[in-house]
Amino acid sequence: MSPDTLALARAGDELAFRQLTDPFRRELRLHCYRILGSLDDAEDMLQETLLAAWRGLADFEGRSSLRTWLYRIATNRCLNAVRAAGRRPRPAPVAPFQPPEPTRRGDVSWLQPYPDALLDGAVESEPGPDARWSSREAVELAFIEALQRLPARQTAVVVLRDVLGFPTSDVATMLGTSATAVKAALQRARATLGQHRPAAQRTLVPPSASAAERDVTRRFADAFTCDDIDSLVALLTDDAWLAMPPAPHQYQGGSAIADFLRASAEWRSDRRFRLVPTRANNQPAYGCYLTLTDADDGAQPAGLIVLTINGDRIGAITRFLDSGLFRHFGLPLELHDRSTQVRHTS
């Protein structure tokens, strides 16, 4: 950070301010997403953070790095947003058919996926020495969802300390508390996260975009678009989950998932799904489209599917029902060509 650039920014030079803050925009948005679990909310908090930094730049005394100062602003803006919203579940969408009784009802209705395209330049290639989560683990969907089950302050402590590797003293300063309080919150949060995401499962995740991952996702797409439910269920682990945020219905195990898929297929009749590959949270994903009629080439958005791969099987299918997410992933709002039913990258 050039002293001249800082001086210009303090004097009201917007270009100088952008030169100071642009290198941190992507990682700050990802930081807000980890705390909030919602990409839309993270975008809003990024803008609030930059506005607060612009207005408060005169108060930046340089006792910490500019990056640490920005993270302090972003973290507290996110905590304020959680307190203001109260994290009340969003109204559940009404299914157009009678779904079977779910295994359980989820309560993290605000969860959204994060496009891999936004991870470039945002994921910390070398987090601090005290970080406990790898860069890949710390953006995966299961980890983000587990964070949402913590009290907001514990979430912030985990992200700052165990993901980004900030020293305990820095975290305490950012949150306006003591190092003892940070350590206590971290201990409780780690115990809760351990219950939601056993570390032993991490050894079963194939490398991103590997041949093993491509094989599983190809077979899933073929079965899903043909309504071949038996073949799809054969790809699942014994304890696999199907979730559909913001709907609370969640189904575990092949039998329960098959029952839901059959009810869906019966309601759709001759209409079929088409899938367009993308990636979210360092995981394979698909833009899901539903044909208007069996004879019609047109297809409209029907949610975004993220797959959690466990070895050579699928451990979770998360289908986000909000088609407004397509704009974040650069997906078309309508398909016309049947050849786009499934596209796989080599």
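In the predicted model, helix 1 and helix 2 meet through a set of side-by-side residues: Thr5, Leu6, Leu8 and Ala9 in helix 1 are in contact with Ala16, Phe17, Gln19 and Leu20 in helix 2. By class, this contact comprises 6 nonpolar and 2 polar residues, with no charged residues. Two packed helices are described by the angle between their axes and by the distance between those axes. Here helix 1 spans residues 3–10 and helix 2 spans residues 14–21; their axes come within 7 Å and cross at roughly 130°. Helix 1 is therefore oblique to helix 2, since an angle over 145 degrees would be needed for roughly antiparallel and one of 65 to 115 for roughly perpendicular. The crossing of the two helices is left-handed.

Leaving aside residues up to four places away in sequence, Phe17 touches Ala9, Leu50, Ala53, Trp54 and Leu57.

Thr75 is placed in helix 5, which covers residues 66–85. Its relative accessibility is 0%, and Thr75 therefore counts as buried. The side chain of Thr75 reaches the backbone oxygen of Tyr71 at 2.7 Å. When residues up to four places away in sequence are not counted, Thr75 touches His31, Ile35, Ala156, Leu160 and Leu175.

Most residues other than glycine have a negative phi, and most peptide bonds are trans. Asp227, which is not a glycine, has a positive phi of about 55°. Asp227 is found in the loop between helix 10 (211–225) and helix 11 (229–234). With a relative accessible area of 22%, Asp227 is partly exposed. Ser269 likewise has a positive phi, near 60°, and is located in the loop that joins helix 12 (254–268) to strand 4 (273–280). Ser269 is partly exposed because its relative accessible area is 47%, a value between the limits of 20% and 50%. A cis peptide bond, with omega near 5°, runs from Pro245 to Pro246. Pro246 belongs to the loop between strand 2 (236–244) and strand 3 (247–252).

Technical notes:
Residues are numbered from 1 along each chain as its sequence is written. This is a predicted model: local features need pLDDT of at least 70, side-chain atom pairs count only at pLDDT 80 or more; totals for chains, interfaces and linings use all residues. Side-chain values use heavy atoms; hydrogens and water are left out. Axes are lines fitted to C-alpha atoms, for helices over the stretch in contact, and angles run from 0 to 180 degrees between N-to-C directions. Helices (H or I, at least four residues) and strands (E, at least two) are DSSP runs, numbered from the N terminus. Angles under 35 degrees count as roughly parallel, over 145 as roughly antiparallel, 65 to 115 as roughly perpendicular and the rest as oblique. A crossing is left-handed if the near helix is turned anticlockwise from the far one by less than a right angle, and right-handed if clockwise. Contact means heavy atoms within 4.5 Å. Ala, Val, Leu, Ile, Met, Phe, Trp, Tyr, Cys and Pro count as nonpolar, Asp, Glu, Lys and Arg as charged, and the others, Gly among them, as polar. Buried means under 20% relative accessible area, exposed over 50%, partly exposed in between (1.4 Å probe, protein chains only). A polar contact is a pair of N or O atoms within 3.5 Å; within protein, one must be able to donate a hydrogen and the other to accept it, and residues adjacent in sequence count only if both atoms are side-chain atoms.
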